[in-house]
Amino acid sequence: MKKALKMFLAYFLWLVAGILIGTFFYTLYLHSLGLIAGRQSHAFTRENVIISFFAVTQVMAMLSGFLLIAWRIRHPGNFLQLIFFIITQFISWCIIFPLSAHFETRYISSNPSIFEQESIPLSTGYFRESEGKVYYFLNEENTSSLKIDTRDEGNAEILKEDWSGYAELSREALPYQDVLIKDSFKAKYSSYSFFGTLIQSGKRELTKGWTYWLGFLSMALVLTSIYGMTGYTAWRITNYSICSVLYGVILFCNGYFWSPAMRDFRNLNFLQTGPFGYFKTWFSSPFLLFCNLVLALILSVTGLIAFIIKKKRGR
């Protein structure tokens, strides 16, 4: 009982610590997106902190299971640990994630300007490069600029009442506001976000209905089933490796399945007809649900067999 209670306490401590630390750093990231060279801005705005809090809370709900699995490998206990582990995962996936998504939606709907793209002028006095051309703005409105073509045959010219330089630099800077800030972070932009895709798919299933939400929770089920592998071998480092790889692969596969790169696969004929097509009335992806359930069964049975064998050997 003592070890089970310690696991429960560790869950809440890690959850709170993870949310606080994650909110701090994600707020700094959101702040960096809006930075413009030569201009000051407040790092911790109310909007950035609240949006960061919701996003990090949802990520921590997904990762809490792995933290407890790692804790259990180091502190093995009795059957009560499993009960408490299941309770914590129910809290994470069925209470914390839905509530966080609900209040985030309410906050955004009451503050629609949060995600509106503002056309913030870039500062003067800086040379900015984009696709072999350098721009130097001559006024605060960015309508006049010096354009320098850096190619061998290029030349320099003054652009007046011309927004093309600002438009090109803004496009090149995405997701940042200023290409100089992006270059300072050496950031590469991708429209695909791993955790962003997972979170958005969860929010989508919540709004579509309870059967769709159960389909999303199949990922939580298979992640919870990894608990059975915590004592698979006598070596902790091996158990750490097995569980971490499984947790990462399952999260990746469930997230990548909904990425733009998998659109053609999701539209394959065998996923739209037959049994998978029939169950699409209740689930967004019966195929993904089937894969998660099968893997959850395999992991549970494997963990149970390993436990029985260890008991017979007197471990």
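Which helix holds Q89? Helix α3, residues 79-110, is where Q89 is found. The views below come from a predicted model, in which local features need pLDDT of at least 70, side-chain atom pairs count only at pLDDT 80 or more, and totals for chains, interfaces and linings use all residues. Residues are numbered from 1 along each chain as its sequence is written, and side-chain values use heavy atoms, leaving out hydrogens and water.

View 1. Helices are DSSP runs of H or I with at least four residues, strands are runs of E with at least two, and both are numbered from the N terminus. Q89 is buried, because its relative accessible area is 5%. Buried means under 20%, exposed over 50%, and partly exposed in between, with a 1.4 Å probe and protein chains only. Accessible areas come from the Shrake-Rupley method with that 1.4 Å probe; for residues, only the protein chains shown count as cover. Beyond neighbours within four places in sequence, Q89 is in contact with S64, G65, L68, C94 and T224. Contact means heavy atoms within 4.5 Å.

**View 2. A patch of positive charge on the surface.** K2, K3, K6, R74 and R236 gather here. Patch residues have over 30% relative accessible area and no salt bridge; like charges are joined within 9 Å, and nonpolar side chains (Val, Leu, Ile, Met, Phe, Trp, Tyr) within 5 Å. A salt bridge puts a side-chain nitrogen of Lys or Arg within 4 Å of a carboxyl oxygen of Asp or Glu. Lys and Arg count as positive, Asp and Glu as negative; His and the chain ends are not counted. Each charge is placed at NZ of Lys, CZ of Arg, CG of Asp or CD of Glu. Helix α1, residues 2-33, gives the most to the positive patch, with three residues. K2 lies in α1. At 63% relative accessibility, K2 counts as exposed.

View 3. F44 sits in the loop between α1 and α2 (46-74). F44 counts as partly exposed, at 45% relative accessibility.

**View 4. Y240 in helix α8.** This helix spans residues 236-257. Y240 is partly exposed, at 28% relative accessibility. Leaving aside neighbours within four places in sequence, Y240 is in contact with A70, I73 and R74. Y240 and R74 are 166 residues apart in sequence, yet their C-alpha atoms are 9.2 Å apart.

**View 5. Backbone details at N142, E161 and P175.** N142 is not a glycine, but has a positive phi of about 65°. Its loop runs between β2 (133-137) and β3 (145-149). N142 counts as buried, at 0% relative accessibility. E161, also not a glycine, has a positive phi of about 50°. The loop between β4 (156-159) and α4 holds E161. At 66% relative accessibility, E161 counts as exposed. The peptide bond from L174 to P175 is cis, with omega near 5°. P175 is in the loop between α4 (164-173) and α5 (179-185).

**View 6. W210 in helix α7.** The helix covers residues 210-225. W210 counts as exposed, at 65% relative accessibility. W210 and L297 are 87 residues apart along the chain, with 22 Å between their C-alpha atoms.
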